[in-house]
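Please keep the sequence and the model in view while reading.

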Amino acid sequence: MSLKNSLFECEGVSLSLGGRRILTNVSIDVNPGEIVGLVGPNGAGKTSLFEVLCGRYISEAGLVKLDGSDITKESFFKRARIGLARTYQSPVTPGSLTVGETFRAARKAFRPYLSVHDAEWAARLANLKVHWDTPAAALGAFDRRKLLISCLMMRNPKVILMDEPASGLINAEIDELDLIIRRIVDEYAIGVIMIEHRLELLSAVADRVVVLDLGEVIAKGSPETVFVDPKVHAAYFEDAHA
Ligand SMILES: Nc1ncnc2c1ncn2[C@@H]1O[C@H](COP(=O)(O)OP(=O)(O)O)[C@@H](O)[C@H]1O
Ligand SMILES: [Mg+2]
């Protein structure tokens with residue numbers, strides 16, 4: 001099996017859960033400064049692929065590589081330590097902490113020597129404009145998402161896997177989020193793989209798109225080419241799975 005040298009990649013990933021095949025021979029890669037959209041209808045296997053990439057699910061076949069090193073057998077925690085970050089579909093903040101306390105906890109957990117100035121830098125990066133004594137759980141979905149992105153950025157990640165970051169946001173917020181993510185990716189040469197089940201949202205932000213359906217990659221390429229691919233239309237709009 002040969003892998004080209006991307007920043008982060010997997011090749012030939014197959015996964016079964018509970019005796020059911022969930023992913024078959026899936027490959028995806030991202031380069032520094034690139035946003036790759038991972039799309040596909042609900043149940044296609046997008047989140048399951050993220051679980052394999054971040055080390056929570058062990059695939060029965062395939063390789064995962066970061067910076068050219070094979071990390072297929074590394075734990076979730078090791079992967080996080082060496083630069084793989086992940087966000088979840090629901091922006092859940094920890095317990096009863098305020099915004100300031102959340103930043104403090106993130107600083108201590110990730111890099112004990114980080115200062116409050118690093119947290120202020122990260123908040124600015126994510127356009128987070130809230131009082132730091134606000135309980136994090138009282139923030140709206142968008143501010144909670146910004147807070148979690150800020151906390152991740154203090155870890156100086158190489159790659160961020162984002163599971164449906166636009167979920168629960170209104171259109172103006174999605175536009176702002178796209179700008180924030182693009183700025184982070186450009187300025188720090190981070191690679192982002194972003195799950196989004198709504199194809200049309202990716203044209204604004206993704207450099208490339210990979211389409212998953214029933215656990216297999218059915219199309220890859222620029223958003224423009226993928227959007228007009230008949231296989232992709234069939235997966236989304238025809239009753240192909242009945
Ligand atoms: N822990 C699990 N055990 C068994 N089946 C699962 C598990 N997690 C997900 N699945 C199944 O795997 C398929 C893909 O799910 P998922 O990865 O969540 O898709 P997506 O994120 O694209 O909506 C679905 O059919 C789902 O029911
Ligand atoms: Mg999902």
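In β5, Ser-69 is the bridge partner of Leu-66; helices (H or I, at least four residues) and strands (E, at least two) are DSSP runs, numbered from the N terminus. The model is predicted, so that local features need pLDDT of at least 70 and side-chain atom pairs count only at pLDDT 80 or more, while totals for chains, interfaces and linings use all residues. Residues are numbered from 1 along each chain as its sequence is written, and chains are lettered from A and ligands numbered from 1 in the order in which they are written.

Strand β4 (residues 61–66) runs antiparallel to β5 and is joined to it by two bridges; two strands count as paired if DSSP finds at least two bridges between them. Lys-65 stands opposite Asp-70 in β5. Two residues lie between the strands of this hairpin of β4 and β5, where Asp-67 takes a positive phi near 55°. With β1, β4 pairs in the antiparallel sense over five bridges, and Ala-61 in β4 has Ser-14 opposite.

These pairings belong to an open sheet of four strands in the order β2-β1-β4-β5, with antiparallel pairing. Its edge strands, β2 (20–30) and β5 (69–70), each pair on one side only. Helix α1 (residues 46–54) packs on the sheet and touches β1 (8–17), β2 and β4, contact between two residues meaning that their C-beta atoms, placed from the backbone, lie within 7 Å. The direction of α1 makes about 115° with that of β1; axes are lines fitted to C-alpha atoms, for helices over the stretch in contact, and angles run from 0 to 180 degrees between N-to-C directions.

Among the residues around ligand 1 are Arg-20, Ile-22, Lys-46, Thr-47 and Ser-48, a residue being near a molecule if its C-beta atom, placed from the backbone, lies within 6 Å of it. The elements that give two or more residues to this shell are β2 and α1, and the largest share, three residues, comes from α1.

Eight residues of domain 1 are in contact with eight residues of domain 2. Helix α6 (residues 171–188) gives the most to the side of domain 1 that touches domain 2, with four residues.
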